Amino acid sequence: MEENYSLLLKPSAKKNSKFKRCYAFPIVTEDWQGNGSDPNWKIAEGYLQENCVLVQDEESMRRLYNMSFYGKGTLSKNAPQVCLKNKKSKPPRKKQKIEPTESVEDVIEVSDSDDEDTLQNGENQKDANEASVFPDSDDESHEYSKEYLSNGKESLQLTFQEAYFLSYGFGCLIVKDKDKFLSLVQLWSKMCELSPNFPVMYTAYHHFRSKGWIVKSGIKFGADYVLYKDGPPFYHATYSVLVRTLKENLKDIKGVKDLTWFSLAALNRVNSTAGKGLLILYVIKPNTMTDTQYSSPSCVSKFKLEEVLYKRWVASENREEAIECLSVDEDIPCTVDPKLV
């Protein structure tokens, strides 16, 4: 079947990006020559939480975020501050007070952002002696303890999908649960307990990461994921992905909310306004898959995936395309009913 690539969107590049392009795989160092194996294989340590995995080592944070943009800062909710230290520009957390002047040219506007979301201002932070909830632009809010806030040290927050992809796909992350290292099977079982839909969401994440996309949370646009080319500092998100689970007989699985035409039209309107395409990924679960297989990493290879690009049908555009097709092929006879002439 011939594919129509004209339907695909072209990624929109950002101007004046301040991030330096690095290797796309967080398993190599700057000393790597590119023609041999890297003897300095770096492995990061993560700590399992109820809804994420935290990486606290600054070197590991820089490597994981700068190389393919895994995770986000727990305080900035964007690029961790350790990844911005080498920049010439000042951190955008301070608000500059501008005195009134007679000339408009003397007014300086201070604004800086390396991602689609601006970092929070320092005046919005709460007292460290109180338990606070930091609003998150990409995911649900998370509550941090008093001890963590009093420490003032930022960590890199990885989703379950990101953490397992780094452990399973690259082998550059080991996860601890209460000072105990978890194997891949143990980590999978633990994440399935904390997030019952983890196998399906990880399969979708692994699918797009394997295609070269940078996958981030898409909750801000009403979707499960958003896809970037090269990374958020270089391009705007091209697609929003909605992950749906089906059985092999194309029936919805119980407990999954139905997708109505009204909700689909509203979702498409939101993403079209933001300049993104809407992509629906169907994760088809085999009827013969047992609960034991579902709770094992081997189930990833048994899922079937199907991508559907949702586009709004515009009558005027489709009419023009039909006229162009008829004008190109002049040999096709045009039959007209005499009664209509």
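Predicted model: local features only at pLDDT ≥ 70, side-chain atom pairs only at ≥ 80, totals over all residues.
1. I43 counts as partly exposed because its relative accessibility is 47%, a value that lies between the limit of under 20% for buried residues and that of over 50% for exposed ones.

2. The salt bridges deserve a careful look, and the count for the model comes to five. In one of them the side chains of E45 and K176 meet, with a distance of 3.6 Å from N to O. E45 lies in strand β1 and K176 in strand β7, so this pair ties together parts that are 131 residues apart in sequence.

3. Another salt bridge joins E162 with K216, and here the closest N and O atoms are 3.8 Å apart.

4. D177 is placed in the loop between β7 and α4, while K190 is in helix α4, and the two residues are 13 residues apart. D177 is buried, with a relative accessible area of 19%, and K190 is partly exposed, with a relative accessible area of 29%.

5. Helix α3 can be considered next as a whole. Which residues of α3 are buried? They are F160, Q161, E162, A163, Y164, F165, L166, S167 and F170. Nine of the 11 residues of α3 are therefore buried, which means that this helix is largely enclosed by the rest of the structure. Just after α3 comes G171, which takes a positive phi of about 70°.

6. F170 is found in helix α3, and this residue is buried, with a relative accessible area of 18%. Its C-alpha atom is separated by 8.2 Å from that of F25, although F170 and F25 are 145 residues apart along the chain.

7. The placing of one helix against another also needs a comment. Two packed helices are described by the angle between their axes and the distance between the axes. For helix α3 (residues 160-170) and helix α5 (residues 198-210), the axes come within 9 Å and cross at roughly 60°. The helices α3 and α5 are therefore oblique to each other, because an angle has to be under 35 degrees to count as roughly parallel and from 65 to 115 to count as roughly perpendicular. The crossing of α3 and α5 is right-handed.

8. S68 has a positive phi of about 85° although it is not a glycine, and its place is in the loop between α1 (58-66) and β3 (72-73). K178, which is likewise not a glycine, has a phi near 55°, also a positive value, and K178 lies in the loop between β7 (173-176) and α4 (184-194). Is each of these residues buried or exposed, S68 on the one hand and K178 on the other? S68 counts as buried, at 10% relative accessibility, whereas K178 counts as exposed, at 78% relative accessibility.

9. A last point concerns S240, which lies in strand β10 (residues 239-247). S240 is buried, with a relative accessible area of 0%. In sequence S240 and G218 are 22 residues apart, and in space the distance between them is 6.5 Å, taken from C-alpha to C-alpha.

Conventions. Residues numbered from 1 in each chain as written. Heavy atoms only, no water. Buried < 20%, exposed > 50% of the residue type's maximum accessible area, 1.4 Å probe, protein only. Axes fitted to C-alpha atoms, helices over the stretch in contact; angles between N-to-C directions. Helix = DSSP H or I, 4+ residues; strand = E, 2+ residues; numbered from the N terminus. Parallel < 35°, antiparallel > 145°, perpendicular 65-115°, else oblique. Left-handed = near helix turned anticlockwise from the far one by under 90°. Salt bridge = Lys/Arg side-chain N within 4 Å of Asp/Glu carboxyl O.
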